[in-house]
Amino acid sequence: MAKVLIVDDERSIRTTLSEFVKEDGHDVWTAENATDGLRLFSEVAPDVVVTDIVLPRVDGITLLRRIHEQSPETQVVVITGEPTVDTAAEAVRQGAFDYLAKPITGGEIRATVASAVRVKRLADDRLRLALENLRYRSHLEEEVTRTAGELRASEARYRAVVEHATEAIFIAQDGVIPFANAAATTISGRSMEELRTRPFADLLHPDDRAPVLDAYSGQLEGSQVPDFDEFRIVCADGSVKWLRLWSVVIDWEGRRASLNVARDVTEHKLLEERERLRQARVHGMDATLVSLAMQPALYEGDLEAALRVIAERVADTIDVERVEVWIGDEDQGAASCAELFLRTLRRHAQGRKPSLTVHPTYSAALQAERAIIASDACGDPRTSEYAEAHFIPLGIGAVIDVAVRLGGAVAGIFSVEHVGPPRAWEPEEVDFVKSAAALVSVAMESSERRRMEQALEQSEAEYRALFEDSPASVFVEDFSGIKRRLDELRAQGVVDLGAYLDAHPEFVDDCIREIRVVDANEAAVRMHHATDKADFLRRIGQNFPPTGKSGFRDRLCAIWRGDRVFDMVAQDRALDGNPLYTAIRWSVPPGHEETLDRVLLSKTDVTSVVESERKARRTLDGVIEAIGRATESRDPYTAGHQRLVTDLAVAIAGELRLEERVIDGIRAAGLLHDVGKLAIPAEILSKPSVLSRMEMELMKGHPEAGYEILKTVDFPWPVPKIVLEHHERLDGTGYPRGLDGAAICIEARILAVADVVEAMASHRPYRPALGIGPAIEEIVKGRGTAYDADVVDACVRLFRESRFTFRVEAR
């Protein structure tokens with residue numbers, strides 16, 4: 001496998017492309033800019049670099065140029081989200097292997113990288129061969145020099161070396177060969193006598209004769225000639241061989257001659273020619289793939305047109321008669337022929353539906369191997385099931401079948417069929433067909449996407465009709481700016497958003513300004529008394545009422561918690577300034593949870609309901625106040641006690657940040673907590689001395705008496721329960737039921753502390769007022785045992801920070 005470097009400043013794209021490329025087993029490195037990319041390039045020496053054109057500081061074209069300055073063989077694939085002819089041309093001029101436009105599918109990047117890797121391998125092979133030739137030339141030059149030296153040093157050694165050399169060694173002089181070793185006769189297939197007597201020009205291939213003789217003559221005359229030459233000779237049996245010749249001028253028997261060492265490189269030349277042809281084929285295949293990848297039909301959703309052009313180009317490029325595309329139908333257990341191209345007739349057909357279930361071996365092999373490469377279609381056990389019905393009648397000798405996958409599942413088959421005898425498929429042909437199958441997958445994805453887009457357009461049209469015709473006011477809003485601000489707070493380490501908003505109330509205003517109203521229906525326009533939708537959308541952003549900020553604060557906290565749906569009643573106003581009360585449902589549609597760039601807001605005008613509830617609440621408050629005053633009228637020594645206790649209890653509840661509804665319940669229960677004293681004889685209530693045990697027992701019954709009085713009233717809060725438990729204590733020492741711990745409701749725990757503080761701070765018939773100080777000491781002494789610790793702490797803070805004092809007029 002190859003080493004691949006991906007450079008893109010978008011992490012999601014780097015990650016996605018990396019995962020695609022890793023599927024083919026490649027090692028992948030990623031960088032977010034050109035500087036990091038060049039550093040990694042120097043460290044890992046990748047075979048292929050995939051880079052975005054638009055990069056911070058140094059762009060992708062510059063990166064391409066710097067990479068090729070260091071390593072011209074490295075293949076660079078350029079990608080961009082804004083493809084133009086100019087950027088493509090510039091990338092090609094700078095030596096880019098390919099140019100891809102975003103978005104890039106998995107099949108597209110994998111096929112492109114695979115092609116680039118093949119080209120890199122070929123470049124590496126060429127470089128290796130060049131180095132080998134260089135080393136070989138150096139070696140032979142040294143060998144010629146050494147051989148010549150030995151010839152001069154020792155005739156015996158000379159004879160031994162020459163006669164046993166595997167290369168042909170001969171002397172050329174006056175147009176003949178006066179001397180040749182045994183290897184020369186072996187290579188040429190001619191006898192020693194024939195070599196000596198026959199002009200050596202006759203041995204040369206006619207096409208090479210003139211240049212070889214010119215070089216020979218020039219060398220003898222002192223002209224500069226190449227270190228070696230390659231040419232063809234005609235052997236005695238008529239066969240042609242390639243020789244590589246190293247030659248030096250010497251003195252032979254008093255006259256100038258050339259000493260020659262020749263090696264038979266016929267096999268090497270054949271390999272070179274085969275490699276040249278193979279590279280030409282690979283280049284042609286790559287050009288076809290690039291051309292296909294740029295076909296508009298591939299991305300426009302026209303599957304039929306895309307399959308026709310793919311089938312034609314594949315058949316012409318690798319010289320096969322038939323190309324077929326089958327699309328599976330899982331429900332019917334069959335596949336339909338979406339495209340059949342007959343190359344000789346230049347004809348397209350489609351529509352056959354063979355059963356897949358009757359060819360289990362073939363189906364299993366395709367699932368397991370993803371591609372079936374059958375050089376002998378009838379003899380290969382994986383494909384022989386089709387022999388009688390398909391291969392033999394049509395004369396098909398070899399096939400390549402590649403599974404076309406969508407979403408990881410086999411969705412079809414791309415098949416090329418060679419009509420004629422069995423054919424050994426070349427590896428590059430197999431890779432080409434696989435890449436073409438990937439393009440079929442892209443075409444199918446585009447077709448499916450187009451179908452989904454059409455369905456979406458229909459769905460959106462239906463949604464728009466429902467949206468506009470809805471009797472409820474519906475808004476489409478963009479909360480992405482708010483989501484971004486909240487994410488920034490999390491990154492800064494904020495945990496308690498409520499506490500942060502208390503300390504930074506301006507943050508609520510900042511978030512309100514981030515709201516973008518994208519759309520609204522006609523009901524919303526009418527509710528807010530706008531002249532038309534355009535007028536409404538233009539002015540609604542500046543219409544947030546100051547009284548609605550507390551409700552919006554709750555909405556921010558819900559978003560912070562991750563709620564995707566919540567309901568509330570909030571104060572609003574029409575564009576003409578008239579107040580409104582609306583029941584709001586805020587929800588996030590699927591697919592927008594991460595960004596909140598689209599949220600739905602439905603509003604129902606509940607102004608009349610709210611006004612009715614307020615009127616009923618005022619009536620209820622009046623009744624509660626009247627009952628409280630009636631209770632106090634029977635106990636003139638404690639007149640105002642319930643109101644003072646209520647004031648302190650409400651202040652404690654606010655310090656504890658309880659919900660407004662809970663605080664309202666505490667207020668109502670505080671004004672009524674001693675209503676049970678209506679059942680206590682007046683002489684006991686106003687007795688100026690300490691009560692007897694029996695009188696005290698009667699007095700302890702007032703919570704239950706109050707509960708019995710109130711339990712039939714349909715309060716919106718648990719007032720009877722609070723009244724019943726306001727003399728209970730956490731340690732179980734209270735009355736009337738001896739409850740303890742969490743069994744006592746929080747409202748009653750607050751009322752208990754407020755009741756004790758007010759009672760000790762005020763005058764009683766049997767003692768003078770003790771004052772706030774002793775009262776605070778009493779609740780602190782019972783903190784965590786008799787009294788709730790949080791409630792005691794809140795009460796102490798209120799008095800010590802001078803944020804609460806009892807109203808004198810309430811006494």
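1. Let's start with a strand contact: Ala 374 has Val 399, in strand S15, as its bridge partner. Please keep in mind that this is a predicted model. The pairing here is between S14 (residues 371-374) and S15, which are antiparallel and share four bridges.

2. S15 also pairs with strand S16 (residues 409-419), again in the antiparallel sense, through 10 bridges. One example to find on screen is Val 404, whose bridge partner in S16 is Gly 412. Two residues separate the strands in the S15 and S16 hairpin, and Gly 407 has a positive phi near 60° there.

3. How buried is S15 itself? Of the 11 residues in S15 (residues 396-406), 10 are buried, so the strand is largely enclosed by the rest of the structure.

4. Now to the rings. The whole structure contains 10 aromatic pairs. One of them joins Phe 799 and Phe 806, a tilted pair with 6.0 Å between centres and 50° between planes. Both Phe 799 and Phe 806 are buried. Phe 806 also pairs with Phe 804: the planes stand at 85° with the centres 5.4 Å apart, so this pair is edge-to-face. Phe 804 is buried as well.

5. Elsewhere, you can look for a cluster in which ring pairs link Tyr 362, Tyr 386 and Phe 391.

6. Finally, two charges over rings deserve a glance. The charged end of Arg 490 is placed over the Trp 560 ring, 3.9 Å from the centre. Lys 269 lies over the face of Trp 242, and its distance from the ring centre is 4.6 Å.

Terms used. Residues are numbered from 1 along each chain as its sequence is written. This is a predicted model: local features need pLDDT of at least 70, side-chain atom pairs count only at pLDDT 80 or more; totals for chains, interfaces and linings use all residues. Side-chain values use heavy atoms; hydrogens and water are left out. Buried means under 20% relative accessible area, exposed over 50%, partly exposed in between (1.4 Å probe, protein chains only). Two strands pair if DSSP finds at least two bridges between them. Rings of Phe, Tyr and Trp (its six-membered ring) pair if their centres lie within 6.5 Å; planes under 30 degrees apart count as stacked, over 60 as edge-to-face and the rest as tilted. A charge sits over a ring if NZ of Lys or CZ of Arg is within 6 Å of the ring centre and within 35 degrees of the ring normal.
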